[in-house]
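Subject: Structure handover

Hi,

Here is the structure for you to look over. My notes on what turned up follow below it.

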Amino acid sequence: MSTFILRLPSPPTGPAVTRIAVKDLIDMAGLPTTCGSQAIADRASPATADAPCLAGIRAAERSGTAAIVGKVNMHELAFGVSGINPWFGTPTNPLDPDLVPGGSSSGSAVAVASGDADVALGSDTGGSVRIPAACCGVVGLKTTKGRVSLEGVSLLAGSLDTVGPMGATVAATGLGMSLLEPGFDWVSAAPAARIGRFRPPADGWVDAAIDDALDRYREAGHGRIVEVDLPGWDAATAAFTAILGAEAWATNKDLWAASADQLSPDVAVRLEGCSSITAEQVAEAWATARRWTAEMDRVLASVDVVALPVLASAPTPIADASRMGSLRLTGPFNVSGGPALALPVPSPSGPVPASLQLAGPSGSEDRLLATGSLMEQVVAR
């Protein structure tokens, strides 16, 4: 299945032990960090220390309630949304092996979707937790920018990067958040009473599935659904693209210069294209980002969360993987910095479940999970 880059031997198992998979851009003491790249793996030395974001997991390991089962695969350098990896293999999408698993946290999503882990850690720079969650029919949480330490995490674009949990259910994802941040409590949080429905262009079956889930939430008496407009969405998406590209190039230009022919062709070409982004374009993008963040703050002062799809259509076939980037509806929330939750909702007319995205203000992970848990319950009826 190519889910794992390194599977650890025989960790403790049992119903009281949470099995955790770690994306292979997070340092684990004594193990190399490959970033899904053969060029990096060939020269990588074992990490001298764990990334601090693993501290809660290590404490749970010492208490016998958790076990890391391995380091999982990813789109090379975390710079891609299909999850295809020619070096370590492409993780198989459990929903349909002909479809991409999504990236960049492909192994993380497949590990929890296939039952190889209860919780997985991924990174999200522009959708890299939410997109594979959507592709594989699981739950993923992009955390508030800066909430989870990035020390010991290989960066793609430091101003956008986040680390977050994934699980087959909202409860598993909430458990993952409590391991990243001991003491985190979402169970007692108040769910959203006002949900703003935003409608970027998406396939009809996707919109129908999102609307049906929201209608069930409303009909169950959990809250009101109101339409919201985000006029800065397209500009924010363009700003995100410029910021991501410029920072990805700055992070990886030395690797590209030394090893472009050893990188995945899609990654090498994309990096080279990013080399032409100018300082003036980046400055303009950040000005747009500030306006966008203010717009999101205004909207989230009138509703508790904003709801929209993660993907505008179904995951693409592996043979058409290059089209995946045009389907994502995620990047603007990396620019504004607040958290966003992806969870599957049924779609009778679609080829796979749709993925509902709930975006909230900074620090509202508990409310997103509480809302997602109720949503999970009402769509299951």
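Strand β5 (residues 139-142) and strand β10 (residues 340-345) pair in the antiparallel sense, over three bridges. Within that pairing, Lys 142 has Ala 340 of β10 as its bridge partner. Keep in mind that this is a predicted model.

Helix α5 (residues 170-180) packs on the sheet. The strands it touches are β2 (18-23), β4 (119-123), β5, β6 (163-167) and β10. The direction of α5 makes about 145° with that of β6.

**The sheet**

The sheet is open and has 11 strands. Their order is β1-β3-β2-β4-β6-β5-β10-β11-β9-β7-β8, and the pairing is mixed. The edge strands are β1 (4-7) and β8 (224-227), each pairing on one side only. From one strand to the next, the twist averages 25°.

**Strand β4**

How is β4 joined to β2 and to β6? β2 and β4 run parallel, joined by three bridges. Ile 20 has Val 119 of β4 as its bridge partner. β4 and β6 run antiparallel, and five bridges join them. On that side Val 119 stands opposite Gly 167 in β6.

Five of the five residues of β4 are buried, so the strand is largely enclosed by the rest of the structure. Both of its faces are covered. Val 119, Leu 121 and Ser 123 lie on one side, with Ala 120 and Gly 122 on the other.

**Nonpolar cores**

The largest nonpolar core holds 63 residues. Which of them touch the most other members? They are Ile 26, Leu 77, Phe 79 and Val 306. Helix α7 (residues 233-259) gives the largest share of this core, 10 residues.

Leu 77 is worth a look in the viewer. Leaving aside neighbours within four places in sequence, Leu 77 is in contact with Cys 35, Ser 37, Ile 40, Leu 156, Asn 252, Leu 255, Leu 263, Val 267 and Leu 271.

There is also a second, separate core of 32 residues. Among its members are Trp 205, Val 206, Val 305 and Val 379.

**Helices α7 and α8**

α7 packs with helix α8 (residues 265-274) at an angle of about 115°. Their axes are 9 Å apart. The crossing of α7 and α8 is left-handed. On the α7 side, the contact is made by Gly 245, Ala 248, Trp 249, Asn 252 and Trp 256. On the α8 side, Ala 268, Leu 271, Glu 272 and Cys 274 take part. Two of these names come back from the Leu 77 list: Asn 252 and Leu 271.

Ser 275 is in the loop between α8 and α9 (279-299). Ser 275 is partly exposed, with a relative accessible area of 36%. How far is Ser 275 from Glu 247 in sequence and in space? The two are 28 residues apart in sequence and 9.7 Å apart in space, C-alpha to C-alpha.

**Salt bridges**

The count comes to 19 salt bridges. Side chains of opposite charge can pair when their charged atoms come close. Three examples follow.

- Glu 61 and Arg 58: the side chains meet in a salt bridge at 2.8 Å, N to O. The two are three residues apart in helix α2 (residues 55-62), so about one helical turn separates them. Glu 61 is partly exposed, with a relative accessible area of 25%. Arg 58 counts as buried, because its relative accessibility is 19% and the cut-off for buried is under 20%.
- Arg 197 and Asp 207: the closest N and O atoms of this salt bridge are 2.9 Å apart. Arg 197 lies in strand β7 (residues 194-197) and Asp 207 in helix α6 (residues 204-219), so the pair ties together parts that are 10 residues apart in sequence. Both Arg 197 and Asp 207 are buried.
- Glu 219 and Arg 218: in this salt bridge the closest N and O atoms are 3.7 Å apart. Glu 219 is exposed, with a relative accessible area of 57%. Arg 218 is partly exposed, at 38% relative accessibility.

Salt bridges that share partners also join Arg 197, Arg 199, Asp 207, Asp 211 and Glu 227 into one network.

Best regards

Definitions and conventions:
Residues are numbered from 1 along each chain as its sequence is written. This is a predicted model: local features need pLDDT of at least 70, side-chain atom pairs count only at pLDDT 80 or more; totals for chains, interfaces and linings use all residues. Side-chain values use heavy atoms; hydrogens and water are left out. A salt bridge is a side-chain nitrogen of Lys or Arg within 4 Å of a carboxyl oxygen of Asp or Glu. Helices (H or I, at least four residues) and strands (E, at least two) are DSSP runs, numbered from the N terminus. Buried means under 20% relative accessible area, exposed over 50%, partly exposed in between (1.4 Å probe, protein chains only). A nonpolar core is a set of buried Ala, Val, Leu, Ile, Met, Phe, Trp, Tyr and Cys residues joined through side-chain atoms within 4.5 Å. Contact means heavy atoms within 4.5 Å. Two strands pair if DSSP finds at least two bridges between them. Axes are lines fitted to C-alpha atoms, for helices over the stretch in contact, and angles run from 0 to 180 degrees between N-to-C directions. A crossing is left-handed if the near helix is turned anticlockwise from the far one by less than a right angle, and right-handed if clockwise.
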